[in-house]
Amino acid sequence: MTRKPLRPLAPILKARRDGESAEAIERANLRERHEEMQNNGRARAEGRLLVMSFLFLAAFVSIGVRMGMVSTTDASEPRTSYSASNIQAERADIVDRKGRILATNLETHALYAQPPHMIDKERVARELAAIFPDLKEERLIKDFTGKRKFLWVKKKLSPEQKQAVHDIGDPGLQFGRREMRLYPNGQLAAHVLGGASFGKEDVHAAELIGVAGVEKYFDEVLRDPANGGRALKLSIDLTVQDASERVLYGGMKLMNAKGASSVLMDVHTGEVVAMVSLPDFDPNDRPRAPTKGQAGDSPLFNRAVQGLYELGSTFKIFTAAQAMELGLANPSTLINTAGPLRWGKFKIRDFRNYGAELTLTKVIVKSSNIGTARMAQVIGAARQQTFLDTLGFFEPTPVELVEAKGAQPLLPKNWSELSTMTISYGHGMSASPLHLAAGYAAIANGGTKVMPTILKRDTPQVGPRVMTEASATASRRMLRKVVSEGTASFGEVPGYSVGGKTGTADKPKENGGGYHDDKVIATFAAMFPAHDPKYVLILSLDEPVETSGTKPRRTAGWTAVPVAAEMIARVAPLLGLRPQVEPAELADITLTSN
């Protein structure tokens, strides 16, 4: 910018020639300069005020818009998160079909130590060992006096334990907030629930992750904040589960068995109302998986789902149902039961001599291996495989337990005619009790397949038809006669008509070299009420021996059947089934003209 001089030479010279004062010219120029400076300053100030006005207006508009948005949305509680570790500690509850708690969370604390901050390490180790008997004083002293700057002492503390540690008063002992998984019913439904443990953790929080059962199968669902903490509802009935476990435990001890299992399933919905496997465990203190021995001997092993057994004569009803479905026989058809039945160097025998012929119904009632094998010969291997496949015996059960995926039924590599005959009466093929429950449910509900589920359902399943209503009805009548006239006579329950089939299978040796002579798997597959089945019960005992007589008895009719009868008598009222008189079969009437 070019500044005008205060005393310009030309005006000064002219003023001197004219006799005027040169100072007047300087004062006039100075005044003009000041006026120009004032005008420039005022313009700058007005510009700044305009910019500030726009900024304030924008700020007030944005705040107003935000306040309007907040006022029109629902209030929500902010979630506590730990950005450093991104740990999600919340886990939804698990409830039974009536909403009763099976698994929930309990706020507790973990104890950790910072040895560099400890004042008296030996005293701390001594007092901690007194509070926690499972901790060794020598080991604690070694940890505290070593190079470690941080170590966990206990992952879960009770309020009493926390107070006792607090009373030690050492600054090197610190507490971290935790949410532990609590199973308020202890061992009840342990194999269904499975258990949970800590995953990622820091001193502020730890995530709970499922390690088995439904806890692991639905782990992501239970930990998903988007579910809003909604409880997972199972099909299990807490009271029925408790009664089933008590009866089965007593029966296992009474029959001197090493293990037992039971499955109670709704035949229309596929809901598993109770599932028991013994021995069991407490998911609050889940034991470690065994590193040696047989997996089936561990209390963690779910015999009802993971256990693959030859289920013996319980399979015979499938052979009879298929023979009727194919039109090869009816309940009154005579079957050749003369024995032994020879196939090459092998012989098939019956438990007793039942004579040369039996009707199809009597073959099931008397449990004739020979009669069943002869029917299987007529059916053939291909058709037998197709029928068993439609019933679900070729694949793991789809129940929502992680253990079910590994329970692939054991089938013969070469499905020969001999395999066809032995499988017809439950030997040469291994499946789980849950597989058997699904198969019997198809007979009980009128011939449609149901998929076992551990989740609560409100409507029946509409599965594919695997047999006609007529074949299913005839099969149910045969099963009823097995209890009223045959090998399961101890299965009668007053007021509740029971139908079912016994199965006694020799137990294979652990090294795969044949079968034990004095060890069996005894199974009773039942449905009730027999005239209009609502539920299927599969009860199995591992190596039972009934010793009330002069000779030990191991067959299912003496071992599994009476235990199942006691279980039905206990759980039927809990299921809302009232005792009633069994409807009698109407006599055949032939109309003739007069």
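Modeller: The lining of the second largest cavity divides into five nonpolar, four polar and two charged residues. Here Ala, Val, Leu, Ile, Met, Phe, Trp, Tyr, Cys and Pro count as nonpolar, Asp, Glu, Lys and Arg as charged, and the others, Gly among them, as polar. This is a predicted model, where local features need pLDDT of at least 70, side-chain atom pairs count only at pLDDT 80 or more, and totals for chains, interfaces and linings use all residues. Residues are numbered from 1 along each chain as its sequence is written, and side-chain values use heavy atoms, without hydrogens and water.

The second largest cavity holds about 40 Å³ of space. A cavity is a set of points on a 1 Å grid over the protein atoms alone where a 1.4 Å probe fits but cannot get out; lining residues have an atom within 4 Å of a point. Points are joined across faces, edges and corners, and the volume is the space filled by probe spheres set on them.

Now the lining itself. Its residues are Gln187, Ala189, Ala190, His191, Gln241, Glu245, Met275, Val276, Ser277, Leu278 and Asp280. Two or more residues each come from α6 (190-193), α9 (238-254) and β9 (272-278). β9 gives the most, with four residues. Helices (H or I, at least four residues) and strands (E, at least two) are DSSP runs, numbered from the N terminus.

For context, the whole structure has four cavities of 30 Å³ or more. The largest cavity holds about 80 Å³. Its lining has seven nonpolar, four polar and no charged residues.

Key:
On a 1 Å grid over the protein atoms alone, a cavity is a set of points where a 1.4 Å probe fits but cannot get out, and a pocket is an open set with protein on both sides within 12 Å along at least five of seven lines; lining residues have an atom within 4 Å of a point.
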